Amino acid sequence: MDLKPLKHLNALYVEDDLILAESMGNTLELFFGRAYHAVRGARALEMMKRLPIHVVFVDIRLPDIDGLTVAAKIREKDPDIPLVVMSSFQEIPELRRATTLFLTDYLVKPVSLEAIEAVLKKCVSQLNLRGRLQLALGDGAFYDTFGKAILLPNGQSIRLSSREARFLELLLKRPGNLATIDRIEAVVYDGDMSLAALRNMVLRLRNKLGHLHRIECIKEIGYIWQ
């Protein structure tokens, strides 16, 4: 499985052993756009609130909060983010508790490069399944959520403007559900939109999508991806 999509993403690793943390950071930076590090669980939760984090690695034994509590708090806020728990040995009670967190994997330290690559492939698979990397358009085409482009089966791509991308994402994440005019104005136009501007943008997007477009207009109410 291709790990290149991870270069658009950021990882957070929570580890209080600074020697292991340096090694883990160097490895993760080979694959991710950026790898953030936290020594304490409380710091990790703070970073999750203000930084764009897409994958989390957390050690079970931390100086303040145990790693499974950190993972549980992250899972409460984000049911889909890939979570990987690490430990120096297999701790059966913790493993039982971890099953409720829908972890991507449980790694025993020291972690080899091969083990990290294997778990990153699982992360990419989960991100794809949950629509965080690509959203299906049909006929073998996809929308790339990070590249803001339509990916065609022949390998070609069609770039979208920022507003076209936000509008398409709004529809694709809830296919068959109405995106109201008010919702579109708030999400796509930051609260400052004219109906004429919206219609023109939708026309341009339909032209780019060609036969792939499934955008249906509900007059003066909103739009649906059918």
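1. Buried means under 20% relative accessible area, exposed means over 50%, and partly exposed lies in between (1.4 Å probe, protein chains only). By that scale D105, at 22% relative accessibility, is partly exposed. K122 is also partly exposed, with a relative accessible area of 39%.

2. A word on the basis. This is a predicted model: local features need pLDDT of at least 70, side-chain atom pairs count only at pLDDT 80 or more, and totals for chains, interfaces and linings use all residues. Residues are numbered from 1 along each chain as its sequence is written, and side-chain values use heavy atoms, with hydrogens and water left out.

3. Salt bridges next. The term covers a side-chain nitrogen of Lys or Arg within 4 Å of a carboxyl oxygen of Asp or Glu. The count comes to ten salt bridges. Side chains of opposite charge can pair when their charged atoms come close.

4. K122 and D105 form one of these bridges, with their closest N and O atoms 2.9 Å apart. K122 lies in helix α5 (residues 113-129) and D105 in strand β5 (residues 105-108), so the pair ties together parts that are 17 residues apart in sequence. Helices (H or I, at least four residues) and strands (E, at least two) are DSSP runs, numbered from the N terminus.

5. R214 and D139 make another salt bridge, at 3.9 Å from N to O. This pair links distant parts of the chain, 75 residues apart. R214 sits in the loop between α8 (195-209) and β11 (215-218), while D139 sits in the loop between β6 (134-138) and β7 (141-144). R214 is partly exposed at 30% relative accessibility. D139 is exposed at 52%.

6. Is E164 buried or exposed? E164 is buried, at 2% relative accessibility. The side chain of E164 meets that of K208 in a salt bridge of 2.8 Å, N to O. K208 lies in helix α8 and E164 in helix α6, so the bridge ties together parts that are 44 residues apart in sequence. K208 is partly exposed, with a relative accessible area of 30%.

7. How do α6 and α8 pack? Two packed helices are described by the angle between their axes and the distance between the axes. Here the axes come within 10 Å and cross at roughly 80 degrees. Axes are lines fitted to C-alpha atoms, for helices over the stretch in contact, and angles run from 0 to 180 degrees between N-to-C directions. α6 and α8 are therefore roughly perpendicular (65 to 115 degrees).

8. The contact (heavy atoms within 4.5 Å) brings R163, E164, F167 and L168 of α6 against L198, M201, V202, R204, L205, K208 and L209 of α8. These residues divide into seven nonpolar, no polar and four charged. Ala, Val, Leu, Ile, Met, Phe, Trp, Tyr, Cys and Pro count as nonpolar, Asp, Glu, Lys and Arg as charged, and the others, Gly among them, as polar.

9. The structure holds one aromatic pair (ring centres of Phe, Tyr or Trp, its six-membered ring, within 6.5 Å). The rings of F167 and Y223 have centres 5.5 Å apart and planes at 85 degrees, so the pair is edge-to-face (over 60 degrees). F167 lies in helix α6 (residues 162-172) and Y223 in strand β12 (residues 222-225), so parts 56 residues apart in sequence are tied together. Both F167 and Y223 are buried.

How values were computed. Phe/Tyr/Trp six-rings, centres within 6.5 Å; stacked < 30°, edge-to-face > 60°. Parallel < 35°, antiparallel > 145°, perpendicular 65-115°, else oblique.
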